[in-house]
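Biologist: Can you take me through this model? Keep it short, please.
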Amino acid sequence: MRQDTKNKIAELQSKVAKMKQELTNDIYAICEESTYKNSSLFSYNIDNLNRFIEYLNESAQRIQE
């Protein structure tokens with residue numbers, strides 16, 4: 001794999017890691033304003049975000065091997 005591709009992957013992972021905290025905070029803020037039922041439903045977005053990041057990192061590692 002070319003070094004510039006590896007750099008792009010690293011930049012993407014860094015960008016996603018930074019966005020994770022901001023998005024998580026936004027989701028929690030919405031949950032706090034919602035009813036218990038709606039908050040529980042909406043908070044699944046955090047789980048989905050975490051899964052996305054996990055899969056992104058796994059696939060990045062695999063294609064770099």
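Modeller: One term to begin with: contact means heavy atoms within 4.5 Å. This is a predicted model, where local features need pLDDT of at least 70 and side-chain atom pairs count only at pLDDT 80 or more, while totals for chains, interfaces and linings use all residues. Residues are numbered from 1 along each chain as its sequence is written, and side-chain values use heavy atoms, with hydrogens and water left out.

Biologist: Which residues is T24 in contact with, leaving aside neighbours within four places in sequence?
Modeller: I46 and L49. T24 itself sits in helix α1. Helices here are DSSP runs of H or I with at least four residues, strands are runs of E with at least two, and both are numbered from the N terminus.

Biologist: Is T24 buried or exposed?
Modeller: Buried, because its relative accessibility is 10%. Buried means under 20% relative accessible area, exposed over 50%, and partly exposed in between, with a 1.4 Å probe and protein chains only.

Biologist: What about N50, and where does N50 lie?
Modeller: In helix α3. N50 has 31% relative accessibility, so it counts as partly exposed. Its side chain makes a polar contact of 3.3 Å with that of K20. A polar contact is a pair of N or O atoms within 3.5 Å; within protein, one must be able to donate a hydrogen and the other to accept it, and residues adjacent in sequence count only if both atoms are side-chain atoms.

Biologist: Which residues of α3 are buried?
Modeller: I46, L49, I53, L56 and A60. Down the axis of α3 they fall within an arc of 85 degrees, so they line one face of the helix. That arc is taken from the directions from the helix axis to the C-beta atoms. Their cover includes α1 (3-32). Exposed Y44 and R62 are on the face turned away from the buried side.

Biologist: Switching to the whole chain: how many helices and strands does the protein have?
Modeller: Three helices and zero strands. The radius of gyration is 15 Å, well over the 11 Å the globule rule gives for 65 residues, so the protein is more spread out than a compact globule. That radius is taken over C-alpha atoms, and the rule is 2.2 Å times the number of residues to the power 0.38.

Biologist: What does the C-alpha trace span along its principal axes?
Modeller: About 50 × 15 × 10 Å. Buried residues make up 17% of the 65 residues.
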